[in-house]
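Dear colleague,

Here is the structure I said I would pass on. My notes on it follow below.

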Amino acid sequence: MAFITIGLLVVVLCGLSLLLPAFFGPPLVPANVTRIRKALKLAQLKPDEVLYDLGAGDGRVLVIAAREFGARAVGVELGPLQCLIAWLRAALMGLGQRVQVRLGNFYNADLKNADVVYVYATSRETARLAPRLKGQLRPGARVVSISADFATWQPAAFDEQGLIFIYQMPPQMGSLETFLWQRSGAKP
Ligand SMILES: C[S@@+](CC[C@H](N)C(=O)[O-])C[C@H]1O[C@@H](n2cnc3c(N)ncnc32)[C@H](O)[C@@H]1O
């Protein structure tokens with residue numbers, strides 16, 4: 001009964017979050033779970049590594065990272081409702097010890113202990129995030145971006161189908177074009 005009540009509450013809150021972004025923060029546009037799994041695989045997320053999801057939404061990335069990859073996952077999310085949903089999702093799955101949800105702005109997040117940073121944002125947001133990621137992430141850390149690339153960095157890997165970009169820190173200057181040239185063996 002408690003599960004049904006919590007489930008109904010989450011459904012109602014999800015609906016409200018779509019209808020009333022002014023009250024609950026930006027609207028939630030979650031990634032497809034198959035795409036998330038592919039992205040985390042491509043980023044080579046390992047057990048006990050620390051993954052940050054910048055803009056954690058409903059917490060699905062955090063749960064997949066913790067449950068399927070054995071990672072410790074931290075979500076940073078601007079919307080209080082999304083935070084509540086993400087926290088409930090992790091708690092109901094018994095992942096409270098491995099998942100943290102922080103209410104806050106990802107432009108101010110402390111990312112120094114991240115091994116992998118996952119971002120599903122717009123090109124404008126990735127451009128604004130780039131200096132912070134470059135300044136804070138340690139060598140060897142990976143950034144995995146869904147849909148939008150980091151325009152001045154050359155990806156270490158790229159999945160065309162899922163539009164998934166992987167960057168290794170420190171970032172190599174370049175772009176998706178330089179990566180594709182290199183991959184094809186052609187000279188720029
Ligand atoms: C496209 S959704 C991605 C959700 C989840 N990461 C996924 O891949 O399914 C983007 C999320 O970022 C959040 N967001 C947008 N700007 C933010 C900011 N400056 N700081 C923290 N969260 C932000 C939104 O509230 C939204 O939940």
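How many helices and how many strands does the protein have? The protein has 7 helices and 9 strands, where helices (H or I, at least four residues) and strands (E, at least two) are DSSP runs numbered from the N terminus. Please keep in mind that this is a predicted model, in which local features need pLDDT of at least 70 and side-chain atom pairs count only at pLDDT 80 or more, while totals for chains, interfaces and linings use all residues. Residues are numbered from 1 along each chain as its sequence is written.

Of the 188 residues in the protein, 38% are buried. A residue is called buried if 20 or more other C-beta atoms lie within 10 Å of its own, exposed if 12 or fewer, and partly exposed in between, with C-beta atoms placed from the backbone. Two residues are in contact if their C-beta atoms, also placed from the backbone, lie within 7 Å. Among contacts between residues at least 6 apart in sequence, 63% join residues at least 24 apart.

I looked mainly at strand S4 (residues 116-120). Strand S4 is largely enclosed by the rest of the structure, because 5 of its 5 residues are buried. In a regular strand the side chains alternate between the two faces of the sheet. In S4 both faces are covered: Val117 and Val119 are buried on one side, and Val116, Tyr118 and Tyr120 on the other.

S4 pairs with two strands, listed here; pairing requires that DSSP finds at least two bridges between the strands.

- Strand S1 (residues 50-54) pairs with S4 in the parallel sense over 4 bridges, and tyrosine 52 stands opposite valine 117 of S4.
- Strand S5 (residues 142-146) pairs with S4 in the parallel sense over 5 bridges, with arginine 142 of S5 as the bridge partner of valine 116.

S4, helix H6 (residues 123-136) and S5 form a right-handed β-α-β unit; right-handed means that, with the strands pointing away from the viewer, the path from the first strand over the helix to the second runs clockwise.

Two single residues are also worth a look. Asparagine 108, in the loop between strand S3 (99-103) and S4, is exposed, because 8 other C-beta atoms lie within 10 Å. Its C-alpha atom is separated by 9.6 Å from that of leucine 129, 21 residues apart along the chain.

Glycine 75 is in strand S2 (residues 72-77) and is buried, because 31 other C-beta atoms lie within 10 Å. Leaving aside neighbours within four places in sequence, the contacts of glycine 75 include Asp53, Leu62 and Val101.

Regards
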